[in-house]
Amino acid sequence: MSLPAVLSRLDQMQEASLQRLFALLAIPSISTDPAFKSDVARAAAHLVADLQSLGFEASARATPGHPVVVGHRRRAGKPHVLFYGHYDVQPVDPLELWKHPPFEPSVQEIEPGRKAIVARGACDDKGQVMTFLEACRAIIAETGDLPISLSVMIEGEEENGSINLPAFLEAHAAEFRADICLVCDTGMWDRETPQITSSLRGLLYEEIIIRAADRDLHSGHFGGTAQNPIHILARIIAAMHDANGRITVPHFYDGVHETGDNRKASWNALGLTEADYLSTIGLKYAAGEKDRTLVEKIQARPTCDVNGIWSGYTGQGTKTVIAGEARAKISFRLVHDQDPKAIQKNFRDYVRTMIPPDCSVEFIGYKGSRAVQVSEDSADLRLAVQALKDEWGKEPVVLGHGGSIPIVGDFKRVLGLDALLIGYGLDDDRIHSPNEKYDLQSFFKGQRSWARIIEALAKR
Ligand SMILES: [Zn+2]
């Protein structure tokens, strides 16, 4: 394929590509709210029609929830790439904080010389999906075909926890076998520096309920004699970390690897200080393990956080009560080879040792996921690094992300596929919030970047 011709075609069709993105953004495909079910279906149908116009064999595939848009454009003997994105969006409330209606997309000058597409889904993830599809469109228009075999999977339930996608993947594993998977839900290091996300943390989420007396008690009658479940819960939570910030659950660090000196040096070279990182949230000093650097904590260390705690009397004034039960939601971010199942068992056993014999604990577990790691010396990663460097004129940052995208772990588990996580979102895109935006530069240079990456992967 002639890359220069494809790139100049992309530059010429900017306005048309913007209008195509606007058409998708105008559909309020809010997956979590049943009131928008038909709109979600409409967004799926819209994408199917678009993929068919590009020569994909495409359809909206039913699941117990919203459909998965699937398209194949196969070429025998060429590297097979699976592209993943999502077409559903988050709810828009509070609506009054939007400066422009969330489903009437527009281009706004957000600061002098900087323009962005403003709408719900502008970045997450419709804008990112269309960034990729526009690159495919230009290549097909210019050369008559793609230089790779391409399957796309664009789901409608990502903002709702991808609840039906793992089963869909398992049921159709043979259909989606590929050589490499591209995931477009991530961001850039900054406005001028592309990024490839090389790892994601896993997640374990537990809810615990401590039960003591069989009813709420008068603290004058039973204070000091009956067990107080809030005290028990507080002791458990306090016991989760030692004085150095290390998590105390037995065997918790099994599968956590120490970082090599080269990697640490490249993190230090980023020059990210605690003050830089925390000043945006009104803080100064990093919490957590005392003997680890900030970047190491985000990249390579697991965490334990209490996400919610409730019990007893929390209304106006006073009520001298001892509650019958106390609850907390606790999450763990996992790294490397930590096993969420083993940690769940060890955590539960550990908590049970702290429950007095006349009290009880109940656990509610939520679906966990393992961490995902892309090998730093994968050939695909190197191809993508070079392609991004060619477009942006700068070496991309290759760095892990502290969050979790569980489906990436499912691609590995079910299909044995490694993922390249590349996206053009920015920290100030306000995804999930009012006034979500996607920089025009992200959209247009992102298209050019994908064209380069597709060309590079064709030579795989
Ligand atoms: Zn999202």
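Predicted model: local features only at pLDDT ≥ 70, side-chain atom pairs only at ≥ 80, totals over all residues.

Along the sequence, the donor residues of the zinc ion follow the spacing D-x34-E-x272-H. Which residues are they? The protein donors are Asp-124 through OD, Glu-159 through OE, Glu-159 again through OE, and His-432 through NE2. They lie 1.9 to 2.7 Å from the zinc ion. Water is not among the atoms, so the site may look incomplete.

Now look at the geometry. The four donor atoms make angles of 53 to 136°. Four donors count as tetrahedral if all angles lie between 85 and 135 degrees. The site of the zinc ion is irregular.

The site also ties distant parts of the chain together. Glu-159 sits in the loop between β6 (149–155) and α5 (165–171). His-432 sits in the loop between β17 (419–422) and β18 (437–439). The pair is 273 residues apart. Are these two residues buried, partly exposed or exposed? Glu-159 counts as buried because its relative accessibility is 13%, and buried means under 20%. His-432 counts as partly exposed because its value is 38%.

Next, the nonpolar cores. In soluble globular proteins, nonpolar side chains tend to be buried together. Here the largest nonpolar core has 67 residues. Those with the most contacts inside it are Ile-117, Phe-132, Leu-150, Ile-196, Ile-422, Tyr-424 and Trp-450. Which helix gives the most to this core? Helix α4 (residues 126–143) does, with nine residues. There is also a second, separate core of 27 residues. Val-249, Tyr-253, Leu-334 and Phe-363 are among its members.

Several elements each supply at least two lining residues, including β8 (195–200), α9 (261–269) and α12 (340–352). The largest share comes from α14, with five residues. By class, the lining of this pocket has nine nonpolar, 14 polar and twelve charged residues.

The structure also holds one cavity of 30 Å³ or more. The largest cavity has a volume of about 30 Å³. Ser-199, Leu-200, Arg-201, Gln-299, Val-335, His-336, Ala-371, Val-372 and Gln-373 line it. Both β8 and β15 supply at least two residues each to this lining. Four of the lining residues are nonpolar, four are polar and one is charged.

Finally, compare sequence with space. Val-118 is in strand β5 (residues 114–118). Val-118 counts as buried because its relative accessibility is 6%. Val-118 and Glu-436 are 318 residues apart in sequence. In space they are 5.8 Å apart, C-alpha to C-alpha.

The other pair involves Asn-268, in helix α9. Asn-268 counts as exposed because its relative accessibility is 53%, and exposed means over 50%. Asn-268 and Ala-213 are 55 residues apart in sequence. How many Å apart are they in space? From C-alpha to C-alpha, the two are 53 Å apart.

Definitions and conventions. Residues numbered from 1 in each chain as written. Heavy atoms only, no water. Core = buried A, V, L, I, M, F, W, Y, C linked by side-chain atoms within 4.5 Å. Buried < 20%, exposed > 50% of the residue type's maximum accessible area, 1.4 Å probe, protein only. Helix = DSSP H or I, 4+ residues; strand = E, 2+ residues; numbered from the N terminus. Donors = N, O, S within 2.8 Å, 3.2 Å for Na, K, Ca; no water. Tetrahedral: all angles 85-135°; square planar, octahedral: opposite > 155°, others 65-115°. Nonpolar A, V, L, I, M, F, W, Y, C, P; charged D, E, K, R; others polar. 1 Å grid on protein atoms, 1.4 Å probe; cavity = no way out; pocket = protein on both sides within 12 Å on 5 of 7 lines; lining within 4 Å. Points joined across faces, edges and corners; volume = space filled by probe spheres on them.
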